[in-house]
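The entries follow the order in which I checked them.

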Amino acid sequence: MKTPPASGSMRDALYEAPGPRTRRRVAIGTAISAVVVAALLALVVRQFAVTGQLAPRYWSFFLEWTTWRFLLQGLVGTVEVALVAGAISLVLGLLLMLGRTSGVRPLAAVCRVVTDFFRGVPSLLLIYFFFLVVPQYGIKMPSFWMLTLPVALAASGVLAEVFRAGVNAVPKGQVEAALSIGLSRAQTMRRIVLPQAIRYVVPSLIAQLVVVVKDTTVAYVVSYPDLMQNARVLITSHDSLVSIYLVIAVVYVLINFAINQLAAVVSRRTGAKIIR
């Protein structure tokens, strides 16, 4: 197997380029899959028609500006939560990574436990904790923070591991060289390791926003007016579940697709691979 160029992807490093026979098989499999998917979509549309879900009354309200304005207000709420939660999780994830790699055993142990805890606990459970348990101790929080903080905490555990992967990707020789010229470990981390590590993981950090955006869909628990919560209000008002959920699903797909494309663009421009 030929050694792939430095700019190649992980797939290039693990697999050889497919030959003519494999490419034909892939093309045939792709064509069959496309036909199957098209048939399933046609079956779904037919079922919608049979059950009356394509009736104008289930779709006509999308022609009104008030409907889209209400959905856009929810989208703004989703974006606000995602951006704030993303910023908090970045800072907390970086701090957890620094503590875990500090070399101080008690601190490293604590950061490891915290990281594993936030990685393992579902964000919905954390939201219930902030919604049901925290107020019992006299701490009253707006619905925005009852949603944002749990989402940020859940994402911080993943981001801490992403940062640690970036640190581990920096060649050990550079660290040894920095220590040999008299730099302390803290100076080496700040001046040598972190700038390179962050460059390596920037695409993955952007891609992690997809998870943050999807975690905001449980905002109904705290009655925060995000995109999904406003969609639920429209369902109640127009008695149209299928059409509204289909439109909202398309909106979320487009948002997440745009984030993934942004991560891919950053990855190409920086020459960094997405670390997952």
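I took buried to mean under 20% relative accessible area, exposed over 50%, and partly exposed in between, with a 1.4 Å probe and protein chains only. The model is predicted, so I kept to its limits: local features need pLDDT of at least 70, side-chain atom pairs count only at pLDDT 80 or more, and totals for chains, interfaces and linings use all residues. Residues are numbered from 1 along each chain as its sequence is written, and side-chain values use heavy atoms, with hydrogens and water left out.

Entry 1, two single residues.
I looked up Ser 267, which lies in helix H10; helices here are DSSP runs of H or I with at least four residues, strands are E runs of at least two, and numbering starts at the N terminus. Is Ser 267 buried or exposed? Ser 267 counts as buried because its relative accessibility is 13%.
Gly 173 sits in helix H7. The C-alpha atoms of Gly 173 and Tyr 220 are 50 Å apart, at a sequence separation of 47 residues.

I used the term for a set of buried Ala, Val, Leu, Ile, Met, Phe, Trp, Tyr and Cys residues joined through side-chain atoms within 4.5 Å. The largest such core has 35 residues, and Leu 147, Val 222, Tyr 224, Ile 244 and Ile 248 touch the most other members. Helices H3 (65-100), H6, H8, H9 (227-238) and H10 (241-270) each give this core at least two residues. H10 contributes the most, seven residues.
I then listed contacts (heavy atoms within 4.5 Å) for Val 222. Beyond neighbours within four places in sequence, Val 222 meets Ile 127, Phe 131, Ser 143, Met 146 and Leu 147. A second, separate core has 12 residues, among them Met 97, Val 162, Phe 163 and Val 167.

A pocket is an open set of points on a 1 Å grid over the protein atoms alone, where a 1.4 Å probe fits, with protein on both sides within 12 Å along at least five of seven lines; lining residues have an atom within 4 Å of a point. I counted 16 lining residues for the largest pocket, with Thr 101, Val 175, Arg 185, Met 189 and Val 193 nearest its centre. H6 (143-169), H7 (172-180) and H8 (185-215) each supply at least two residues of this lining. H8 has the largest share, six residues.
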